[in-house]
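Thanks for coming. I will take a few minutes to walk through one structure, and you can follow along on the screen.

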Amino acid sequence: MLTLALATLVIVVVLLGPVFIEAIERNVELFFLLIGVLTACIMGQFDAALVRAAVTEPLSFTVAVLAFGATFRLLRDYLDQLLRRVIRLLAPRILCFCLAIILGFLAPFITPVVSARVFVEAISLLRYDRRAEIAATVFACFAIGFGAGLTPLGMPGIAVVLRSLHADFWYLTRLLGPFVVVGVILAAVPILFLPFASSEPLDTTEGKDSWRIVLLIRPGKVYVFIAGLVALSDGLRPVVDAYIHRLPSGLLFWMNTLSAVVNNSTLAAVEIGPSLSMNQQRAALLGLLISGGALVTGNIPNIVAASRLGITSREWAKIGLGTGALLLILCFAVLRSIAFFQ
């Protein structure tokens, strides 16, 4: 019970700290690294394996952020000209809606990090109202997070799950396919109703980041953030092992709203195994995918997008929490209906 109480306290601190404490919000990457290491130590999970995972697991995402950041920095002028032509054909809301849909369905193949980078680089080229820009980005990250659930490329931790289940590459597509397709579309639809102000492409010199930001600061922040999430997820593993496997699918679905604050790939790797039925697996994964968009901390694409556009945890939460709650309720109703008719 003491372990459960400590885990609950950690989750509350991680959930509310960046939203209500400005100092944490300004240094959220270091905060998660610190709280992750402390949690792992308190829970007795800090060892060489955790250190190795915290050091190596962020590398692929960090390299992707660095590579695509540098690519978009080099191609900024060309992309600006391309978008000038596209804007003459499509209204801003139509453009962002189409991008969210396309990138959501591409995310399980090109990785959600790349999808998020493409979206935020596109939207950063346009002079949108700040609130509309933030809202469009949050909705797009929900769509990308949904789409990522179709293959192990979208959720790296799932590769471990598929091996334990002796499942093939397309197992997630068969398990979650219809839910993901509908989820991507529903997540992107609100973009069509955002009050976009009249937009003009940004001056290319005004919109460019310095090479120092592109090559050092932004990749460094992503690396530290992911390392902290790995430590936090491993630190909470004893609680997950002790309690979550015993839950029915409905409770498992709602418990996985923890994905808003904990790396959903790691949670999936810990939770999903041969002991769970397909209904339990489906409920657990859908809870993870939806909740991952609710807060900046829930998904790597969120972290990348928020870092690029300067979206604070508080700004993200104002839109993400309500959107996530609505999507969770709708999805749960569908899952209950399916269970009822089986």
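Predicted model: local features only at pLDDT ≥ 70, side-chain atom pairs only at ≥ 80, totals over all residues.

The protein has a mean pLDDT of 83, with 86% of its residues at 70 or more. Where is confidence lowest, and where is it highest? Helix H11, residues 204–207, has the lowest mean, 48, while helix H10, residues 171–188, has the highest, 94. Over residues 201–206 the pLDDT stays under 50. For that stretch the model has 16 contacts beyond four places in sequence.

Now the core. The largest nonpolar core holds 97 residues. Its members that touch the most other members are Phe-32, Phe-119, Ile-191, Phe-196, Phe-253, Ile-300 and Trp-316. Helix H8, residues 130–147, supplies the largest share of this core, with 12 residues. Take Phe-196 from that list. Leaving out residues up to four places away in sequence, Phe-196 touches Pro-92, Arg-93, Cys-96, Tyr-128, Ala-132, Ala-136 and Ile-191.

Helix H5 runs over residues 76–89, which is 14 residues. At 1.5 Å a residue, H5 should span 20 Å, and its end C-alpha atoms are 20 Å apart, so the two agree. Which residues of H5 are buried? They are Arg-76, Leu-79, Asp-80 and Leu-83. Looking down the axis of H5, these buried residues fall within an arc of 100°, and therefore they line one face of the helix. Tyr-78, Arg-88 and Leu-89, on the other side of H5, are exposed.

Helix H16, residues 278–291, also has 14 residues. From its first C-alpha to its last, H16 reaches 20 Å, close to the 20 Å expected at 1.5 Å a residue. How many residues of H16 are buried? The count is 12 of the 14, so H16 is largely enclosed by the rest of the structure. The buried residues include Gln-280, Gln-281 and Arg-282, as well as the run of Leu-285, Leu-286, Gly-287, Leu-288 and Leu-289.

On to the rings. A pair of aromatic rings is described by the distance of the centres and the angle of the planes. Searching the whole structure gives 7 aromatic pairs. One of them is Phe-32 with Phe-225, a stacked pair at 5.1 Å centre to centre, with 25° between the planes. This pair links distant parts of the chain: Phe-32 sits in helix H3, residues 28–42, and Phe-225 in helix H12, residues 211–235, 193 residues apart. Phe-32 and Phe-225 are both buried.

Another pair is Trp-254 with Phe-332, which is tilted, at 5.4 Å centre to centre and 55° between the planes. Trp-254 belongs to helix H14, residues 249–255, and Phe-332 to helix H18, residues 313–341, so the pair ties together parts that are 78 residues apart in sequence. Trp-254 counts as partly exposed because its relative accessibility is 32%. Phe-332 is partly exposed too, with a relative accessible area of 23%.

Back to Phe-32 for a moment. Ring pairs join Phe-31, Phe-32 and Phe-225 into a cluster.

Is Thr-39 buried or exposed? Its relative accessibility is 2%, so Thr-39 counts as buried. Residues up to four places away in sequence aside, Thr-39 touches Val-10, Leu-232, Gly-235 and Leu-236.

Notes:
Residues numbered from 1 in each chain as written. Heavy atoms only, no water. pLDDT = per-residue confidence, 0-100. Helix = DSSP H or I, 4+ residues; strand = E, 2+ residues; numbered from the N terminus. Contact = heavy atoms within 4.5 Å. Core = buried A, V, L, I, M, F, W, Y, C linked by side-chain atoms within 4.5 Å. Buried < 20%, exposed > 50% of the residue type's maximum accessible area, 1.4 Å probe, protein only. Expected span 1.5 Å × (residues − 1). Arc of directions from axis to C-beta. Phe/Tyr/Trp six-rings, centres within 6.5 Å; stacked < 30°, edge-to-face > 60°.
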